[in-house]
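Please read it beside the structure.

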Amino acid sequence: MRYLESPCHDPRWNLALEQYLFDHADRSHGYLMLWQNENTIVVGKYQNTVAEINNAYVREKNITVVRRLSGGGAVYHDLGNLNFTFIVDASDVERINFRMFCEPIMRALATFGVTAELSGRNDITVDGKKISGNAQYLREGRVMHHGTILFDTDSSVISNALHVDREKLASKGVKSVVSRVTNLRAHLPEGTTLADFKARLVEELGKSEVMEPMELSEEALARIEEIKRERYDTWEWNYGRSPGYTDSRRKRIEGVGTVETALTVKNEEIREIHFFGDFFAEGEVSELENALVGCRREREELLKRLAELDCGAYIRGLTAEELADLLAV
């Protein structure tokens with residue numbers, strides 16, 4: 001396992017570094033990357049950016065907004081967060097598997113006397129409150145697993161910068177984003193620093209993996225800048241997947257997450273459709289979108305079209321019946 005700590009706090013550069021490691025680094029190695037961002041909202045690949053953020057507050061506070069490669073929901077980062085990324089071969093990973101990557105985090109916490117649990121689809125909790133959200137991206141036999149640890153973040157910014165999904169909160173039985181999360185620092189022995197926790201995490205991983213420090217070559221740095229410029233600096237990537245449409249549907253589905261559709265419809269026939277949400281995708285969702293173009297918005301017609309597809313192979317956990325119910329007039 002090669003290990004590096006990002007020297008940069010620019011989220012667009014850090015996401016470009018992640019992508020470089022995933023797409024271009026030597027695949028004979030696994031990678032662990034630790035990184036921190038200045039004030040940032042990172043939205044999931046399949047989310048509608050404008051719907052997820054409080055634009056006025058984001059502009060006022062000069063918060064960077066950037067889209068990542070993986071699915072899941074929007075998260076807020078500041079220098080009180082520690083972000084971690086694992087990149088390994090997916091041969092031993094059964095589709096999307098959060099536990100195998102979250103367990104080292106929980107083991108490291110246990111050495112400080114903190115009992116953490118994997119909760120729901122992708123959260124690590126302490127005393128029932130979230131300290132870490134996680135997401136994954138799978139492609140061509142590799143998996144990228146990344147998560148953020150709330151060490152000492154400003155929770156007031158989280159509640160102001162992100163639009164709260166009331167349906168999502170209701171399903172968890174709580175009333176606000178702030179009540180769902182907690183800073184890890186409050187649960188650690190007094191005086192424990194973020195540097196202490198990072199060192200313990202690397203030490204814990206080193207018990208099962210040889211941790212080899214990694215340095216970035218000039219060639220690698222140039223490629224990272226190119227990826228940043230071509231993708232993460234662009235409006236098209238960060239906002240352009242969030243256009244307006246003539247109709248939309250939104251539903252939170254148990255075991256799937258929030259699925260939102262934006263459609264252009266003529267003569268009750270789907271002419272264009274896009275999916276957004278905090279779900280996880282195991283295939284290219286655009287393939288599902290393309291397959292639905294030309295279909296009438298009648299439940300039986302939708303089920304006939306969807307019978308040729310495996311919805312769960314695109315949006316994890318989704319059934320044809322659930323999707324037809326969401327789209328039908």
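E204 is buried, at a relative accessible area of 10%. Buried here means under 20% relative accessible area, exposed means over 50%, and partly exposed lies in between (1.4 Å probe, protein chains only). The model is predicted: local features need pLDDT of at least 70, side-chain atom pairs count only at pLDDT 80 or more, and totals for chains, interfaces and linings use all residues. Residues are numbered from 1 along each chain as its sequence is written, and side-chain values use heavy atoms, with hydrogens and water left out.

**Salt bridges**

- The whole structure holds 23 salt bridges. Each is a side-chain nitrogen of Lys or Arg within 4 Å of a carboxyl oxygen of Asp or Glu.
- R107 belongs to helix α4 and E204 to helix α8, so the bridge ties together parts 97 residues apart in sequence. Helices (H or I, at least four residues) and strands (E, at least two) are DSSP runs, numbered from the N terminus.
- R107 is partly exposed, at 34% relative accessibility.
- K198 bridges to E5, with the closest N and O atoms 2.5 Å apart. K198 sits in helix α8 and E5 in strand β1 (residues 2–5), so this pair ties together parts 193 residues apart in sequence.
- K198 is buried at 13% relative accessibility, whereas E5 is partly exposed at 38%.
- D152 and R185 form a further salt bridge, their closest N and O atoms being 2.9 Å apart. D152 lies in the loop between β10 and α5 (155–161), and R185 in the loop between α7 (177–180) and α8, 33 residues apart.
- Both partners are partly exposed: D152 has 40% relative accessibility, and R185 has 46%.
- A network of salt bridges links D10, R12, K228 and D233.

**Nonpolar cores**

- A nonpolar core is a set of buried Ala, Val, Leu, Ile, Met, Phe, Trp, Tyr and Cys residues joined through side-chain atoms within 4.5 Å.
- The largest core has 35 residues. Those with the most contacts inside it are L32, L34, I105, L109, L184 and F197.
- Elements that each supply at least two of its residues are β2 (31–35), β6 (81–89), α4 (99–110), β8 (123–126), β9 (129–139), β10 (142–150) and α8 (194–205). Helix α4 gives the largest share, six residues.
- L32 touches M1, R2, Y3, L4, T85, F86, L205 and M211, leaving aside neighbours within four places in sequence. Contact means heavy atoms within 4.5 Å.
- A second, separate core has 27 residues, including I253, V256, Y314 and L327.

**Second largest pocket**

- A pocket is an open set of points on a 1 Å grid over the protein atoms alone, where a 1.4 Å probe fits, with protein on both sides within 12 Å along at least five of seven lines; lining residues have an atom within 4 Å of a point.
- The second largest pocket has a volume of about 230 Å³. That volume is the space filled by probe spheres set on the points.
- Its lining consists of M1, G30, F86, V88, M100, F101, P104, R107, L205, S208 and E209.
- β6 and α4 are the elements that give two or more residues to this lining. The largest share, four residues, comes from α4.
- By class, the lining has seven nonpolar, two polar and two charged residues.

Definitions and conventions: Ala, Val, Leu, Ile, Met, Phe, Trp, Tyr, Cys and Pro count as nonpolar, Asp, Glu, Lys and Arg as charged, and the others, Gly among them, as polar.
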